[in-house]
Structure formats: structure tokens, C-alpha cells
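Have the viewer open while you go through them.

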Amino acid sequence: VYADTTVDLTERLKLSTGLRYTYEEVEHDSFFFFDEPAAGNPNQPGFPDDEDVDFDNVSGRAVLDFQMNDNLLLYGGITSGFKAGGIQSTSDGIATYDEEKLLSYEAGFKSTLADGRIRFNGSAFYYDYDDMQVYAFVIVDGLGFSTISNAADSEIYGAEFELQWLPINNLFINLGLGLLSTEYEDFVLPEGDFSGNDVPMSPEVTFNGLVQYDISLNRMGTLTLQTDFNYQDEVYFDALNNELLSEDSYWIWNARASWRSLDEHWEVAAFGRNLGDEEYMVYAFDLSFFGFNEEMIGTPRYFGVEASYKF
């Protein structure tokens with residue numbers, strides 16, 4: 001059940017609020033069967049357990065918008081969030097995990113400059129997690145299982161900025177910057193104390209950009225030249241911050257040239273992706289109990305052409 005309302009406190013100040021009630025029930029029946037005599041595991045049928053759990057939560061948000069003038073909007077707010085817990089099973093039975101709760105604070109601005117040719121937006125945020133759900137890979141009776149555990153408390157804070165600029169009518173520039181800091185404040189597993197570790201997939205710095213230039217061919221249509229890039233700082237792919245399951249910082253550069261007909265029905269383009277042929281991982285799994293790690297490699301350099309028709 002969800003309700004939302006917006007109230008104009010003054011001509012320039014607006015308050016938006018929302019309230020949500022959530023109820024979730026989870027039922028879990030598990031049957032385990034493994035038959036691999038060649039690997040030393042005889043037929044082992046079994047019924048570990050069955051279980052049902054339920055979760056309920058009241059969450060909400062309150063956001064203030066202040067229109068300082070026609071070109072500047074300031075905002076700030078508090079939001080609470082909720083992710084239900086659940087049930088998981090391995091060959092030795094069923095275990096439950098708790099719900100995850102989040103309290104977030106955010107403040108920012110949206111501005112327009114240079115007679116509308118520049119848009120500059122920014123925000124700062126702080127996320128306070130309670131019982132954050134963390135994926136882990138465990139070995140039970142020689143078998144690997146993906147499980148979820150609660151990492152107690154963790155905090156995330158950072159800032160994001162975006163700049164859109166139209167220096168001349170046919171040239172468009174877009175830049176984005178993200179700054180992030182993450183930390184498990186209290187994360188203890190049987191394998192050890194991992195408090196202070198970084199949250200997976202959380203680079204400290206990200207930077208992206210796009211430059212697009214349109215060339216008018218008069219009655220022959222429009223030629224568009226575009227290049228874009230993305231930078232990502234080092235990341236870990238697991239909550240234990242295993243160096244073997246991490247990726248160093250890298251840049252990805254792309255380019256595209258396209259022709260669009262005057263009536264904008266036809267478009268033909270040639271493009272190149274990952275022009276620097278950067279080698280990087282987008283994710284990795286710990287499968288060391290098999291003697292290796294599984295790595296998902298990013299797409300290498302490639303080129304292509306495409307054509308489209310818009311009715």
C-alpha cells in the first residue's frame with residue numbers, strides 16, 4: 001500500500017512526502033539429490049527441510065524542493081527503504097536471512113546557465129544500511145552453494161555531478177563524474193572479520209563523457225560524428241575483497257559516425273567500440289574449490305555498421 005502527496009508550502013518551497021506499507025511471505029521447500037559415484041559421492045537423496053517466513057515494513061520519504069530562481073533548484077530529503085529477507089538451502093538444510101533496511105539522505109541542485117546552453121546538476125548522498133544482504137559462496141560437503149548473509153551495518157556516501165553544454169548549435173558535450181566511498185562497518189563471518197571492507201562493485205571514481213557534432217548537408221541530410229568514453233576505478237567483485245576477484249581502473253573509448261536523411265526516416269552508421277582494445281573483467285566468481293575462478297571478460301575492440309528506417 002502506497003500513498004504520495006505534494007504540498008506547496010510557499011510559492012517557491014514544495015514538500016513531497018510518501019508512505020509505503022509492505023508485507024511479504026516466503027515459503028521454501030527443498031529437495032536435494034546428488035548422484036556422482038565417479039567423484040566419490042554415492043546416491044544421496046534427502047529432504048533438508050521446509051520453512052516459511054514473513055516480513056512487514058513501513059517506509060517513507062520526505063523531500064523539500066526550493067526554487068531559488070528560474071535557473072536554480074535546490075532539494076534535500078530523507079528516504080527509508082526495505083528489502084525482505086528470505087530462505088536458502090544447501091545440502092545440510094535450510095537457513096533464513098534477515099531483511100535489509102536503508103536510511104538515505106540526499107541533497108543537491110539543478111541549474112541552467114548561459115541562456116539555457118549549460119545545465120549543471122549535482123548531488124551528495126549518504127546511505128546507512130542495517131543488516132545489509134551480502135552474497136557469498138560456501139562449500140558444504142564438497143559442493144558449492146551461493147548464499148546470502150547479513151553484513152550487519154554498512155555505510156555508503158558520495159557525490160555525483162553532470163554537465164550538459166551546447167557551446168554552439170551543432171555541438172553537444174555531456175560530462176559526468178561520480179565519487180563514492182563504501183565500507184562494511186560490522187561484517188563478521190566464520191572465515192574472519194571483514195569489517196572495513198569495500199562493498200562489491202563500488203568504484204571510488206567514475207567518469208564519463210560524450211561529444212557530438214552535427215554537420216548539415218543541406219538537402220542531403222545530416223552527418224553526425226560522436227565519441228564517448230567511460231572511466232572506472234578499481235572494484236572488488238566479492239565482499240571479502242579478494243584481490244584475485246578484482247579489476248584495476250580502466251578507460252573505454254567508443255566512436256560513431258552516422259548519416260540521417262533530411263526527412264529523418266533513414267539512418268546509416270558505422271561505429272567502433274572499445275577502440276583501445278582494453279582487456280578488463282566485468283565480474284568474477286570464486287570457484288577455487290574447483291581449482292579456478294570464473295571470470296567474465298568485457299567485450300574486446302570491434303567495429304560494425306547499421307542501418308535503420310523510421311516509419
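**Notes on the predicted model**

1. Starting with the largest pocket, since this is a predicted model: its lining splits by class into 27 nonpolar, 9 polar and 6 charged residues.

2. That pocket holds about 1100 Å³ of space. In total 42 residues line the pocket, and those nearest its centre are Val 134, Tyr 135, Ala 136, Phe 137 and Thr 147.

3. Which strand gives the largest share of the lining? It's β9, with 8 residues. At least two lining residues each come from β5 (86–90), β6 (93–97), β9 (133–140), β10 (143–150) and β21 (281–287).

4. On the overall fold, I count 23 strands and 0 helices. The radius of gyration is 26 Å, well over the 19 Å that the globule rule gives for 311 residues, so the protein is more spread out than a compact globule. Along the principal axes, the C-alpha atoms fill a box of roughly 75 × 55 × 40 Å.

5. Burial and surface: 32% of the 311 residues count as buried. The protein exposes about 18900 Å², with carbon and sulfur atoms supplying 53% of that. Among contacts with a separation of 6 or more, 55% link residues 24 or more positions apart.

6. Have a look at Asn 274 too, in the loop between β20 (266–273) and β21. Asn 274 counts as buried because its relative accessible area is 3%, under the 20% cut-off. Beyond its neighbours within four places in sequence, Asn 274 is in contact with Ile 252, Trp 253, Asn 254, Tyr 280, Thr 299, Pro 300 and Arg 301.

Notes: Residues numbered from 1 in each chain as written. Predicted model: local features only at pLDDT ≥ 70, side-chain atom pairs only at ≥ 80, totals over all residues. Heavy atoms only, no water. 1 Å grid on protein atoms, 1.4 Å probe; cavity = no way out; pocket = protein on both sides within 12 Å on 5 of 7 lines; lining within 4 Å. Points joined across faces, edges and corners; volume = space filled by probe spheres on them. Helix = DSSP H or I, 4+ residues; strand = E, 2+ residues; numbered from the N terminus. Nonpolar A, V, L, I, M, F, W, Y, C, P; charged D, E, K, R; others polar. Buried < 20%, exposed > 50% of the residue type's maximum accessible area, 1.4 Å probe, protein only. Contact = heavy atoms within 4.5 Å. Rg over C-alpha atoms; globule rule 2.2 N^0.38 Å. Areas by Shrake-Rupley, 256 points an atom, 1.4 Å probe, with all protein chains shown as cover.
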